[in-house]
Amino acid sequence: MESNTTTTWQVRHITSQFLPLPFGFAPLTAGQPYLPCRGVSRIPADACSLIICLFPYYTGPFNGRNISRYAMVEDYHSVAGRLLNHLVENLRDAFPNHAFVPFVDNSPLREVSCAQAAGLGVIGKNGLLIHPVYGSYVFIGEIVTNLPLIPSIPLTGGCLGCNACLRACPNGALCATGVDLPLCRSHITQKKRDFTSFDQEQVRLGGLVWGCDICTDSCPMNRHAPITPLAAFAASAVPVITAENALSLLPSRAYGYRGKKVILRNLAIINGKAVDLP
């Protein structure tokens with residue numbers, strides 16, 4: 001235990017030095033059973049610990065925006081990936097005989113459960129992690145390692161249980177068993193195929209080219225979320241997507257993987273233009 005205590009302190013010191021953001025430690029089992037993902041092959045056979053890191057993205061209210069808050073900023077895969085890779089380099093220098101493998105989103109681990117186990121927040125009824133300071137306006141990244149670390153202590157209690165997110169969801173997509181994706185406006189904005197007249201109406205009513213923030217914005221635990229300390233997010237926020245800037249933004253945004261047709265289709269819908277359905 002003494003050796004693990006010393007090692008955990010060293011890792012905590014290095015992490016806080018090179019990534020001054022909320023982080024915590026959790027056992028690998030917190031992220032299991034694994035999700036079906038090719039990333040499973042990247043996890044070391046003797047992995048036992050997780051370093052979970054949060055990347056706050058709230059950039060302000062931006063009244064009049066037509067895109068979800070998380071999609072306003074530079075692609076979090078790139079921003080968080082750069083930061084985690086830098087941290088991994090320093091951890092490998094300090095512990096050359098151990099493995100450190102970073103993941104951002106495209107991970108086989110159940111990231112929200114991992115973050116909760118690492119003492120970084122509680123889980124809201126919309127399934128999102130809620131950090132005590134940054135609310136649910138956070139991205140989650142992790143480093144898998146075979147270095148034994150003492151887990152952080154999870155926070156006690158849960159969300160406020162006010163059901164504000166459930167009441168605010170216009171289609172009742174939030175339920176006891178999770179999210180009913182066909183009814184979720186965020187999911188609908190991302191659809192490529194089988195786009196129905198119902199879907200078109202939901203995009204029009206939602207008014208966002210990508211995503212939906214209704215459940216997060218209704219959460220009282222998000223009410224006093226501070227502006228992100230990450231300059232890459234704060235400086236890159238674009239709250240309004242137009243036909244003029246949409247294509248130039250695609251390569252640097254989280255929605256870029258979906259391609260231009262989905263974005264231009266949704267933009268046309270919220271601008272009141274007719275869209276042919278398949």
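# Pockets, sheet and contacts in a predicted model

By class, the lining of the largest pocket comprises 22 nonpolar, 11 polar and five charged residues. The model discussed here is a predicted one.

Me: Which residues lie closest to the centre of the largest pocket?
Reply: The largest pocket has a volume of about 1400 Å³, and helix H4 (111-117), E6, helix H6 (185-189) and H8 each supply at least two residues of its lining. Of the 38 residues that line the largest pocket, the closest to its centre are Tyr70, Asp105, Asn126, Leu128 and Ser186.

Me: How many residues does H8 give to the lining of the second largest pocket?
Reply: The second largest pocket has a volume of about 150 Å³, and of its 16 lining residues Tyr58, Arg69, Tyr137, Asp217 and Asn222 lie nearest its centre. By class this lining has seven nonpolar, five polar and four charged residues. H8 gives the most to the lining of the second largest pocket, and its contribution is three residues.

Me: What is the make-up by class of the lining of the largest cavity?
Reply: With 30 Å³ or more as the cut-off, the count comes to one cavity, and the largest cavity has a volume of about 120 Å³. Among the 15 residues that line the largest cavity, Lys125, Ile130, Cys159, Cys165 and Cys219 are the closest to its centre. Divided by class, the residues of this lining are eight nonpolar, six polar and one charged.

Me: Which strands stand at the edges of the sheet, and why is one side of each left without a neighbour?
Reply: Four strands form an open sheet in the order E1-E2-E6-E3, with antiparallel pairing. Because each edge strand has a single partner strand, one side of each is left without a neighbour in the sheet, and the strands at these edges are E1 (23-27) and E3 (100-104).

Me: Which residue of E2 stands opposite phenylalanine 25?
Reply: E1 and strand E2 (residues 49-56) pair in the antiparallel sense over five bridges. Across from phenylalanine 25, the residue in E2 is isoleucine 51.

Me: At about what angle does helix H3 run to E3?
Reply: E3 (100-104) is one of the edge strands of the sheet. Helix H3 (residues 76-94) lies across E2, E3 and strand E6 (138-145), and its angle to E3 is about 170°.

Me: How many residues apart in sequence are the parts tied together by aspartate 213 and arginine 65?
Reply: The count of salt bridges comes to six, and in one of them the side chains of aspartate 213 and arginine 65 meet at 2.8 Å, N to O. Aspartate 213 lies in the loop between helix H7 (197-206) and helix H8 (214-218), whereas arginine 65 lies in the loop between E2 and helix H2 (69-72), so the pair ties together parts whose separation in sequence is 148 residues.

Me: Which residue is joined to proline 33 by a cis peptide bond?
Reply: Proline 33 is found in the loop between E1 and E2. The bond in question has an omega of about 0°, and the residue it joins to proline 33 is glutamine 32.

Me: What value is phi of asparagine 163 near?
Reply: Asparagine 163 is found in the loop between E6 and helix H5 (164-168). Its phi is positive, in a residue other than glycine, and the value is near 65°.

Definitions and conventions: Residues numbered from 1 in each chain as written. Predicted model: local features only at pLDDT ≥ 70, side-chain atom pairs only at ≥ 80, totals over all residues. Heavy atoms only, no water. 1 Å grid on protein atoms, 1.4 Å probe; cavity = no way out; pocket = protein on both sides within 12 Å on 5 of 7 lines; lining within 4 Å. Points joined across faces, edges and corners; volume = space filled by probe spheres on them. Nonpolar A, V, L, I, M, F, W, Y, C, P; charged D, E, K, R; others polar. Pairing = 2+ DSSP bridges. Contact = heavy atoms within 4.5 Å. Axes fitted to C-alpha atoms, helices over the stretch in contact; angles between N-to-C directions. Salt bridge = Lys/Arg side-chain N within 4 Å of Asp/Glu carboxyl O.
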